[in-house]
Amino acid sequence: MIAFLGQGRMGVPMARRLTQAGHKVTTWRRGSGVTAAAAVDGAELVITMLSDPAAVREVLTAALPGLRPGATVVEMSTIGPEAVRELRALLPAEVGLVDAPVLGSVGPAADGTLTVLAGGDVSGCREVLSVFGAVRELGPLGAGAAMKIAVMSAIVPAQVLLAETFAYGEAHGVDRDALAGVLSGTPLGTLAERLRVPSAETRYSLGHAAKDLELGAWEGATMAGAARARLQQARAAGLGERDLTAIAEHVGGGGTRRAVPLNLSTIPATNGRYSHAVRVGDMLYVSGQAAFDEQGNIVGEGSMSVQSEHIFQVISRILADQGATFEDIAFIRTYVTDMDQLLDYGRVRAKYITGTPPASTTVEVSRLFRPGLLLEVDLIVALPR
């Protein structure tokens, strides 16, 4: 049996490929009502396809009680080699680990024409991985993750460069189609055609591209570092859910909004009367977060610890989307309905906020906006430049 722990645009077609190939598959996604531990119970192979390193750590930590000895975890997200090493330390020694990120987008995922970049011992999962496309065995654990970041450190900056090329041409009266035509005869021709008319369909999101460069733009990588900054600006301007090719619109589009609302698809939606966060320059203002699931139901009713854990997991995803961590929090304010339960909240908070704490206010209130809510937390975050 295979357990597929995935979300987003790539997860659905990849899980479907496994089913079509005749494998028995159990799936997990946020809001499904199935726990990660229950989804992996009895599985010989556990595949993860998630948004970022924090999400992978969170989900696999939750899955640990259900992992059987002798099972193999195949990590197919783009998380970098350092995060793969952290996963190896997290998982029990009797559970195998293979890193196998993929090259390709939604179309190749559905067609089974992805390129799988595998690191570690794939002898027990080679046949399954071939369902997704061509498998390239690259060496020891972490080699696949490193290869994926290396490749994206070339492909993504090239598209940012072409966005600037089109912007230069527009500023100097060069016809866009003519420029794309000239570029078609160069090694950059295929990418230039992609950016000539930015895709309305999100195949590889701008936000994920920014995340990939945040993982891979090491100190001496001047071009990748510059491209990362461009993408972070575009993400802050609200383009994170758009296809990467939207960078061409951003670079050539002039001024951007000063206050940019942010509502992530990876956390429960708001009621439409507020945004989860608003970015203004290098500052992020996070609305009060409460313990709701995707259906709007209260999580952990009656338990301060459970509600606190849920809230900090949501906060971690908001921070990660903007390239920030808990260390970047400048101010945190907490509203609780019962100060006698403050120690339970404090124990959870201490797991996430370590070292020198930020400025902080804690207030006891008689009630919050929904009966059953025990706390609400809002933040001000100084984002990394």
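In which sense do strand S3 and strand S4 pair, and over how many bridges? Strand S3 (residues 45-49) and strand S4 (residues 72-75) pair in the parallel sense, over four bridges. Two strands count as paired if DSSP finds at least two bridges between them, and helices (H or I, at least four residues) and strands (E, at least two) are DSSP runs, numbered from the N terminus.

Before going further, a word on the source: this is a predicted model, in which local features need pLDDT of at least 70 and side-chain atom pairs count only at pLDDT 80 or more, while totals for chains, interfaces and linings use all residues. Residues are numbered from 1 along each chain as its sequence is written, and side-chain values use heavy atoms, with hydrogens and water left out.

**The five-stranded sheet**

S3 and S4 belong to an open sheet of five strands in the order S2-S1-S3-S4-S5, with parallel pairing. At its edges are strand S2 (25-28) and S5, each of which pairs on one side only. Direction ignored, neighbouring strands of this sheet are turned by 20° against each other on average; axes are lines fitted to C-alpha atoms, for helices over the stretch in contact, and angles run from 0 to 180 degrees between N-to-C directions.

Glutamate 75 is a handy residue to look for. In S4 it stands opposite threonine 48, and its bridge partner in S5 is aspartate 99. S4 and strand S5 (residues 96-99) pair in the parallel sense over four bridges, and threonine 72 has glycine 96 of S5 as its bridge partner.

How do H3 and H4 lie against each other, and at what angle? They pack at an angle of about 10°, with their axes 11 Å apart. That makes H3 roughly parallel to H4, since angles under 35 degrees count as roughly parallel, over 145 as roughly antiparallel, 65 to 115 as roughly perpendicular and the rest as oblique. The contact (heavy atoms within 4.5 Å) is made by Pro53, Val56, Arg57, Leu60 and Thr61 of H3 and Ala83, Glu86, Leu87 and Leu90 of H4. These residues divide into six nonpolar, one polar and two charged; Ala, Val, Leu, Ile, Met, Phe, Trp, Tyr, Cys and Pro count as nonpolar, Asp, Glu, Lys and Arg as charged, and the others, Gly among them, as polar.

Three strands form another open sheet, in the order S6-S7-S8, with mixed pairing. Strand S6 (102-103) and strand S8 (133-137) stand at the edges with a single partner strand each, so one side of each is left without a neighbour in the sheet. Strand S7 (residues 114-118) and S8 pair in the parallel sense over five bridges, with alanine 118 opposite glutamate 137.

**Helices H7, H8 and H9**

Helix H8 (residues 176-183) packs with both helix H7 (residues 143-171) and helix H9 (residues 189-196).

| Helix pair | Axes come within | Crossing angle |
|---|---|---|
| H7 and H8 | 10 Å | roughly 135° |
| H8 and H9 | 8 Å | roughly 160° |

H7 is therefore oblique to H8, and H8 is roughly antiparallel to H9. The crossing of H7 and H8 is right-handed, whereas H8 passes H9 in a left-handed crossing. A crossing is left-handed if the near helix is turned anticlockwise from the far one by less than a right angle, and right-handed if clockwise.

Leu162, Thr165, Phe166 and Glu170 in H7 meet Arg176, Leu179, Ala180 and Leu183 in H8. H8 uses Arg176, Asp177, Ala180 and Leu183 to touch Gly189, Ala192, Leu195 and Arg196 of H9.

**An antiparallel hairpin**

Further along, strand S10 (residues 277-280) and strand S11 (residues 283-289) pair in the antiparallel sense over four bridges. Valine 278 has tyrosine 285 in S11 as its bridge partner. Two residues lie between the strands of this hairpin, where glycine 281 takes a positive phi near 60°. S11 is also joined by five bridges to strand S14 (residues 375-382), running antiparallel, and methionine 283 stands opposite alanine 382 there.
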